[in-house]
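Biologist: Before we discuss the packing, could you put the sequence and the model on the screen? I would like to go through it by question and answer.

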Amino acid sequence: MEMRTLTITVQPDWKAALRAAGKAAQAETYQGETLNFESPDVFLGRLTALRWSLVRQIMSAGEVSIRELARRVGRDVRRVHDDVLVLAELGLIERTTSGGVRCPFADIHVDMHLRKAG
């Protein structure tokens with residue numbers, strides 16, 4: 001099984017981000033996967049500090065139940081469940097057939113640039 005990687009980008013030009021992902025997908029070897037956000041505000045709104053904490057826990061645990069994940073991070077099960085739904089929607093984690101969650105990525109890289117306007 002090949003090690004999956006994810007690069008998270010912040011690119012206002014979503015068409016350019018899509019073209020770059022399409023070009024990488026045409027390569028003969030695995031180039032990793034990309035998740036793009038159109039602005040830092042959207043990125044930080046969807047991937048909050050609490051959600052990053054969940055991703056870190058899931059990556060280190062392998063497969064884990066939501067109840068166990070909530071226990072590990074000291075949070076309410078319902079709130080963790082809500083965050084798990086968002087993370088799964090974004091593709092950062094996956095639900096398992098046994099009802100748990102796992103992170104399919106061995107490496108996640110965030111690529112964000114801030115530039116002076118003008």
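Biologist: In which loop is Gln 11 found, and is Gln 11 buried, exposed or partly exposed?

Modeller: This is a predicted model, and in it Gln 11 lies in the loop between β1 and α1 (14-25). Its relative accessible area is 29%, and since buried means under 20% and exposed means over 50%, Gln 11 is partly exposed.

Biologist: Which residues is Gln 11 in contact with, leaving aside its neighbours within four places in sequence?

Modeller: Gln 11 and Leu 50 are 39 residues apart along the chain, and their C-alpha atoms are separated by 23 Å. With neighbours within four places in sequence set aside, the contacts of Gln 11 are Ala 17, Asn 36, Phe 37 and Glu 38.

Biologist: Phe 37 interests me; how is its ring placed relative to the ring of Phe 43, stacked, tilted or edge-to-face?

Modeller: Phe 37 is buried, with a relative accessible area of 4%, and Phe 43 is buried as well, at 5%. A search of the whole structure finds one aromatic pair. The ring centres of Phe 37 and Phe 43 are 5.5 Å apart and their planes stand at 70 degrees, and because planes over 60 degrees apart count as edge-to-face, the pair is edge-to-face.

Biologist: Turning to the largest nonpolar core, which element gives the largest share of its residues?

Modeller: This core has 26 residues, among which Ile 8, Leu 47, Leu 69, Val 101 and Ile 108 touch the most other members. Two or more residues come from each of β1 (5-10), β2 (33-37), α3 (49-61), α4 (66-73) and α5 (77-90). Leu 47, for its part, touches residues including Ile 8, Phe 37 and Trp 52, not counting those up to four places away in sequence. The largest share, five residues, comes from α5.

Biologist: How are α4 and α5 oriented, and what is the handedness of their crossing?

Modeller: Ile 66, Arg 67, Leu 69, Ala 70 and Val 73 in α4 meet Val 77, Val 80, His 81 and Val 84 in α5. The two axes come within 9 Å and cross at roughly 110 degrees, and α4 and α5 are therefore roughly perpendicular to each other. The crossing of α4 and α5 is right-handed.

Biologist: And how is α3 oriented relative to α5, parallel or perpendicular?

Modeller: Leu 50, Arg 51, Leu 54 and Val 55 in α3 meet Val 80, Asp 83, Val 86 and Leu 87 in α5. The axes of α3 and α5 come within 10 Å and cross at roughly 80 degrees. That angle makes α3, relative to α5, roughly perpendicular.

Notes:
Residues numbered from 1 in each chain as written. Predicted model: local features only at pLDDT ≥ 70, side-chain atom pairs only at ≥ 80, totals over all residues. Heavy atoms only, no water. Core = buried A, V, L, I, M, F, W, Y, C linked by side-chain atoms within 4.5 Å. Buried < 20%, exposed > 50% of the residue type's maximum accessible area, 1.4 Å probe, protein only. Helix = DSSP H or I, 4+ residues; strand = E, 2+ residues; numbered from the N terminus. Contact = heavy atoms within 4.5 Å. Phe/Tyr/Trp six-rings, centres within 6.5 Å; stacked < 30°, edge-to-face > 60°. Axes fitted to C-alpha atoms, helices over the stretch in contact; angles between N-to-C directions. Parallel < 35°, antiparallel > 145°, perpendicular 65-115°, else oblique. Left-handed = near helix turned anticlockwise from the far one by under 90°.
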